[in-house]
Amino acid sequence: MNTFILLLSCSDQKGIVAKITDQLLQVGANILDLDQHCSEDDPPQFFMRLAFVMDANHFESLNQKIKLLMDNLSAEYSLINA
């Protein structure tokens, strides 16, 4: 099992955490740590740092799913193998 970290920021909207954690569930990942918060800007910005473990063989599949999701959220993100 490898540890990965997902960092992201985007405009705040409902369901961000659910959408991301669902993608992780689909590839058998286990969340180790998840921190999130929203700014008090107008409009508010959403920020997340998520650490998880999964079999590295699933990285490409997850990377493609996350890229599509981040495009839909208009998010800036990085997904790294820690």
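A crossing of two helices is left-handed if the near helix is turned anticlockwise from the far one by less than a right angle, and right-handed if clockwise. The exercises below use a predicted model.

**Exercise 1. How do H1 and H2 pack, and which residues make the contact?**

Step 1. Two packed helices are described by the angle between their axes and the distance between the axes.
Step 2. For H1 and H2 the angle is about 165°, and the axes lie 10 Å apart.
Step 3. Angles over 145 degrees count as roughly antiparallel. H1 and H2 are therefore roughly antiparallel to each other.
Step 4. Now the handedness. H1 passes H2 in a right-handed crossing.
Step 5. On the H1 side, Ile16, Lys19, Ile20, Gln23, Leu24 and Gln26 make the contact. H2 answers with Leu62, Lys65, Ile66, Leu69, Met70 and Leu73.

**Exercise 2. Which residues of H1 are buried, and what covers them?**

Step 1. H1 spans residues 16–26. Its buried residues are Ile16, Ile20, Gln23 and Leu24.
Step 2. These residues cover an arc of only 100° around the axis, which puts them on the same side of H1.

**Exercise 3. In the largest nonpolar core, which residues touch the most other members, and which element gives the most?**

Step 1. This core has 22 residues. Leu6, Leu8, Ile20, Phe52, Met54 and Met70 touch the most other members.
Step 2. At least two residues come from each of S1, H1, S3 and H2.
Step 3. H2 gives the most, with 6 residues.
Step 4. Take Leu8 as a case. Neighbours within four places in sequence aside, Leu8 is in contact with Ile20, Phe46, Phe47, Met48, Met70, Glu76 and Tyr77.

**Exercise 4. Where does the backbone have a positive phi or a cis peptide bond?**

Step 1. Start from the rule. Most residues other than glycine have a negative phi, and most peptide bonds are trans.
Step 2. Just after H1, Gly28 has a positive phi of about 75°.
Step 3. Ser74 is not a glycine, yet its phi is positive, at about 55°. Ser74 sits in the loop between H2 and strand S4 (76–81).
Step 4. Is Ser74 buried or exposed? The cut-off for exposed is over 50%. Ser74 has 63% relative accessibility, so Ser74 counts as exposed.
Step 5. The peptide bond from Asp42 to Pro43 is cis, with omega near 5°. Pro43 belongs to the loop between S2 and S3.

Conventions
Residues numbered from 1 in each chain as written. Predicted model: local features only at pLDDT ≥ 70, side-chain atom pairs only at ≥ 80, totals over all residues. Heavy atoms only, no water. Buried < 20%, exposed > 50% of the residue type's maximum accessible area, 1.4 Å probe, protein only. Helix = DSSP H or I, 4+ residues; strand = E, 2+ residues; numbered from the N terminus. Arc of directions from axis to C-beta. Core = buried A, V, L, I, M, F, W, Y, C linked by side-chain atoms within 4.5 Å. Contact = heavy atoms within 4.5 Å. Axes fitted to C-alpha atoms, helices over the stretch in contact; angles between N-to-C directions. Parallel < 35°, antiparallel > 145°, perpendicular 65-115°, else oblique.
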